[in-house]
Amino acid sequence: SLPERNCYLFLEMILAVRKKFYISYISRDLQKDRVMQPCSVVNQLLRYVEKRILLQEQPFKIVDIPLKGSSEKYLEEDAVNEASDVMVNYSLADRVAYYRENGLWEQIHLKTPKKTDIKLRRFFPDFAVASPDPKRDKRIIEKITLKELTKFLEDPVSQGLKHHLKVYDEEKTIEEITLKEDEPFYSEFPVDYNLKMEPLKLWLDIYLSSEGSKPGQQMGEKIYERVYKKFSRNSYTPEGGFGELDKNALKDDVLIRAQTLTPILEKLASGEKLYRVFFVGEQTDEYIPSINTLSVERFKPVRLTVKDSDSLGEEIETKVELHGQRPWIWKGTGGDWNMLVLTGSGKSPGKKTPPDKYILEPLLFWMFCLSSNDGRGRIGDSNITFHIVYKEDVKIWAYRIKESEANEYLTRLVSEYLNQKKMEWLPFEAVTSQSIAPHKLRDDEISEDKKARFQTELQEAYAETASYLIKLANPCLPDTAFDKVRGRFRVFFEFLDGE
């Protein structure tokens with residue numbers, strides 16, 4: 001079995017040791033403030049050492065490593081002893097940090113040998129800023145993707161922190177690594193989402209590349225089986241009885257979505273021109289294989305010059321390039337454009353349900369196309385209709401946006417995204433779900449009383465947020481929140497018609 005194989009590998013590793021063997025483990029969950037124990041194999045080794053190797057009644061000592069490399073525990077007299085030498089830190093930077101934190105640096109520095117003093121110079125750099133060379137523009141073009149701007153609309157504080165601190169989604173968190181290493185009982189996000197989307201995308205590719213052969217349930221099941229098998233080989237899915245239950249439940253979900261998607265396939269196939277993907281600038285998302293037989297449209301990136309504020313509040317001018325891509329776009333026989341939007345959502349929105357977060361990325365991308373130099377010439381001023389596919393329902397929204405409106409909106413949005421002076425808490429779900437809806441009100445319906453009520457409701461919503469990251473960032477609720485929400489989200493609710 002898998003546990004037995006792992007135990008044997010652990011035994012082989014121990015037998016390969018010549019002098020010393022160190023075993024480390026995470027001993028405390030800082031978020032839940034609880035003590036964590038080593039795994040059963042390590043505990044078994046610990047008991048064996050205590051019973052067979054150490055003297056009677058002599059317990060095995062586990063050493064707690066400090067979280068900080070500059071901890072004073074590294075400098076204690078008995079830090080290194082006969083039992084253990086793990087409390088050794090050779091980092092010169094940590095040693096200097098300890099002396100400076102405890103006010104001992106001046107007296108230590110007087111006794112520092114010249115050779116060591118030379119090594120220490122790199123820890124005390126000169127932060128003086130040289131005057132810029134007026135003959136040379138050293139500014140770097142800021143590249144922003146469609147996904148980043150969409151996430152900013154959904155949660156401006158979290159995405160703003162990631163951008164300013166250069167934290168990217170590609171970096172795996174400890175929780176994600178743990179989930180991957182531990183055998184799951186069922187497929188969790190993002191695995192379950194990918195298991196729903198990948199079969200549907202392959203199904204669309206096969207159907208639309210086969211010149212009109214009707215999609216069948218059997219073909220959908222075969223594609224799903226192939227995708228699930230690929231995920232199983234990578235140990236993303238559960239095994240045994242749990243795996244069978246998980247597999248069947250997700251298969252039923254995929255087949256329902258395929259049935260919901262079937263009526264739209266006729267519209268895709270009967271359009272004047274079908275495109276597998278539109279690119280604006282570089283590829284930023286799904287890879288399109290070279291064997292794809294459908295048309296691919298490529299536009300140059302959107303280039304903007306925006307004004308924003310740095311961390312000191314000083315106004316700066318930044319050159320920006322916008323990049324993004326969206327699949328499944330077709331031109332209807334009447335000249336209007338259409339876009340298919342697949343979602344992993346299981347909800348069934350009613351007829352009077354307004355657009356939700358799934359409209360943000362596709363409409364934002366359409367504004368990319370309208371703002372691109374070669375994109376607006378190719379698209380023209382036609383309407384765009386979005387077909388948003390849920391599990392058992394399809395919502396259709398039509399828009400008509402002018403080139404000047406798209407360019408002005410993107411310039412304002414990017415400027416707010418790059419602004420480092422103060423983050424503002426205006427997440428899409430929160431600001432569009434209050435009883436006062438700035439994004440829906442007509443100009444003649446706006447009053448100071450409604451603005452004040454909206455500000456109060458928003459403050460109550462912010463007080464209830466449970467995100468520790470957001471509270472740590474300490475964002476502000478601007479006094480002009482009503483106007484900001486209206487300017488940022490109104491465009492998504494000004495649709496021509498919807499179903």
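How many of the 499 residues of the protein chain count as buried? In this predicted model, the proportion is 39%, where buried means under 20% relative accessible area, exposed over 50% and partly exposed in between (1.4 Å probe, protein chains only). Local features were taken at pLDDT of at least 70 and side-chain atom pairs at pLDDT 80 or more, whereas totals for chains, interfaces and linings use all residues. Residues are numbered from 1 along each chain as its sequence is written, and side-chain values use heavy atoms, with hydrogens and water left out.

The protein chain comprises 18 helices and 11 strands, assigned as DSSP runs (helices H or I, at least four residues; strands E, at least two) and numbered from the N terminus. Its accessible surface, from the Shrake-Rupley method with a 1.4 Å probe, amounts to about 31,700 Å², and carbon and sulfur atoms contribute 51% of that area. Among contacts (heavy atoms within 4.5 Å) with a separation of 6 or more, 69% join residues 24 or more positions apart.

Helix α18 (residues 481-489) has as its buried residues Ala-481, Phe-482, Val-485, Arg-486, Arg-488 and Phe-489. Their cover includes α6 (146-154), α7, α14 (403-418), α15 (428-431) and α16 (448-464). Within helix α7 (residues 156-164) lies Gln-159, which is buried at 7% relative accessibility. Leaving aside neighbours within four places in sequence, Gln-159 contacts Glu-148, Lys-151, Phe-152 and Tyr-417. Helix α16 contains Glu-457, a buried residue without a salt bridge, for which the nearest side chain of opposite charge, Arg-453, is 5.2 Å away. Beyond residues up to four places away in sequence, Glu-457 touches Gln-434, Ser-435 and Ile-436.

Side chains of opposite charge can pair when their charged atoms come close. With a salt bridge defined as a side-chain nitrogen of Lys or Arg within 4 Å of a carboxyl oxygen of Asp or Glu, the count comes to 30. In one of these, Arg-276 pairs with Asp-205 at 2.7 Å between the closest N and O atoms. Arg-276 lies in strand β4 (residues 273-280) and Asp-205 in helix α9 (residues 191-209), so the pair ties together parts that are 71 residues apart in sequence. Both Arg-276 and Asp-205 are buried.

Surface patches were built from residues with over 30% relative accessible area and no salt bridge, joining like charges within 9 Å and nonpolar side chains (Val, Leu, Ile, Met, Phe, Trp, Tyr) within 5 Å. Tyr-8, Leu-11 and Leu-15 make a nonpolar patch of about 350 Å². Of these, Tyr-8 belongs to helix α1 (residues 2-15) and is exposed, with a relative accessible area of 51%. A negative patch consists of Glu-72, Glu-76, Glu-77 and Asp-78. Glu-76 is placed in the loop between α2 (40-53) and α3 (92-101) and is partly exposed at 42%.

Note on methods. Lys, Arg positive; Asp, Glu negative; His and termini not counted. Charge placed at Lys NZ, Arg CZ, Asp CG, Glu CD.
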